Amino acid sequence: MTREVQGLLKARNTAFRSGNKSLYSLARADLKRGIRVAKEAYRQRLENHLQSNNTRQVWQGVQELTGYKSKDSLADEGGASLAEDLNAFFARFEVTSAATTAEALPPPPPLPVKALPSSPPSPSSVQRNVVVSVEKEEMRKVLKGINPRKATGPDGVAGRVLRDCADQLAGVFTGILNRSLAQAIVPSCLKSSTIVPIAKKSNPEDLNDFRPVALTPIIMKCFEKLVRNYVIACLPEGLDTFQFAYKTKRSTEDAVAIALHAVLAHLEQRGGYARLLFLDFSSAFNTILPQRLMSKLEDLGLPLSLCGWILDFLSDRPQRVRLGPYTSSMLKTNTGTPQGCVLSPLLYILYTYDCVAAHPSNRVVKFADDTTVIGLISEREGETDYRDEVERLTEWCRANNLLINTRKTKELVVDFRRQKSNVQPLLIDGVCVERVTTFRFLGIELQEDLSWSVNTRGLVKKAQQRLYFLRILRKNHLPQKLLLAFYHCAIESVLTYGLCVWYGSCTTQDRMGLCRVVKAAESIVGCPLSTLEQIYATRCHRKALDIVKDPSHPGHCLFKLLPSGRRYRTMKTRTSRLKNSFFSRAISALNGKPGL
């Protein structure tokens, strides 16, 4: 209902009350014509939304077509008191002095030398005392790359202003950052943050159901990007290879594939079984101790001035919680890294790089703060190494101020022995860990029998729900190109999540259920769509090439060339479980195309 249509509707009603038939007929015709024009303009606006490269505009168009209305956040109804409560709750891990706490905590437990990652070369005194600086061109490039749609921080400076004035401001900000790095001091106005609570579920019940997302000054994000690039350049090659988060060409798919391969390869031995412990940390990013982090950065060979700058960045950080129109009072924190900062993911990885397996029969697979301990247990050696591994990891967490949430920590036992022994429960800090038959591991449903029926049923259900939106779009006569784009981004992306890990081991029944969804979408869109089999083959081959080209990938050693140098050695398998797994299929895919 546009203003023009409202005016024409008012004119028609006036003509009707006048009793003049010719005037009324003319007014009705104008109204019909105006409605047609408004509908066409509305349709054109929606098509522009859906054709845009802006994801936000695309979903705005879908929401308008489907009549979707988001629910009002319960947080907005809490008022100023809830904002104060959340601010205190988010700072609950705060200590009076980070340095005192670091000294009070016990030192990290010693780990075997063979289990530690390759030690970086000892830096010279010149390298340690170097003062980090950035060039004006680097600053200008970062300012030009600012996303203008990002929310502003506490300073209120919009990203569009910084981007449009990059040429004029690059020299000024370069001088500010270089002086800050030289003095190892971050101004309080740059490290202040506004916390926006994001509900973890649709109906939050307590304070723990909100995730603290920090809005920091956009210019500080630019500074952090430049510092992050320098830190990454200083790190040794192959640091923490079993950490798959925030790394190029690494994803949850790689982490799950490595974990499953370790289990499947071990189960090829008779009498063996595996125990998978999925650890859950309580607000892992908020419990990092800056002083302990600084000592680890120094051990990795980072310049002392840069370590001091990072320490000051994490110390005395002012924060407020903004909840709708309400803003809490200011608190200063000295513990943790703010979620939403550019440096936070990298700092967490470096904080936990020394969390590695102490026994060769165990694996510690990490994706950010999602940590999984895999115990490969044989009947002859028993569970001694696995239980010792869990105990060592518990001590390591205690020494590094990481709190294990035993209520959410789960264990899954994979055991295909004919004569199964009674597996004793696992205790962490005196609390028995719950044993489950199915666990959602990095977005993929993992079952104790290593089947994928639960995972595929969940994907089919979610994809079928999104088919409704596709039908609404077709009902509104959108072009086929837009229907196809929506299918790829909203439905195919759901069906193919982690495809390389589970599709090769799916049953025929599971594949038929997935195929029915693709066929239903095909009939709605009105053109042929790629089958999951085709997508699986393409992605499997591409993933295998990425691993072969990356010597630091944990799965790189599984691709061994034959003496001819043209084909890879096929993996020896005794069971169909390992034969249909990702790495076995990936080697076959590469051998099927010897020219690549």
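Biologist: What makes Lys-144 and Asp-167 a salt bridge?

Modeller: Their side chains come to 3.9 Å, N to O. A salt bridge is a side-chain nitrogen of Lys or Arg within 4 Å of a carboxyl oxygen of Asp or Glu, so this pair counts. Lys-144 lies in helix 7 and Asp-167 in helix 9 (residues 166-183), so the pair ties together parts that are 23 residues apart in sequence. Helices here are DSSP runs of H or I with at least four residues, strands are runs of E with at least two, and both are numbered from the N terminus.

Biologist: What should I keep in mind about the model itself?

Modeller: It's a predicted model, where local features need pLDDT of at least 70, side-chain atom pairs count only at pLDDT 80 or more, and totals for chains, interfaces and linings use all residues. Residues are numbered from 1 along each chain as its sequence is written, and side-chain values use heavy atoms, with hydrogens and water left out.

Biologist: Why is Lys-144 called partly exposed?

Modeller: Its relative accessible area is 39%. Buried means under 20%, exposed over 50%, and partly exposed in between, with a 1.4 Å probe and protein chains only. So Lys-144 goes in the middle class, and Asp-167, with 43%, is partly exposed too.

Biologist: How do you know that Glu-137 forms a salt bridge with Arg-140?

Modeller: The closest N and O atoms are 2.7 Å apart, so the pair meets the cut-off. Both sit in helix 7 (residues 136-144), and being 3 residues apart there, they are separated by about one helical turn. Glu-137 is partly exposed at 47%, and so is Arg-140 at 27%.

Biologist: And which salt bridge does Arg-398 make?

Modeller: Arg-398 meets Asp-429, at 2.7 Å from N to O. That one links distant parts of the chain, 31 residues apart: helix 16 (residues 384-399) holds Arg-398, while Asp-429 is in the loop between strand 10 (427-428) and strand 11 (431-432). Shared partners also join Glu-137, Arg-140, Lys-144 and Asp-167 into one network. The count comes to 23 salt bridges.
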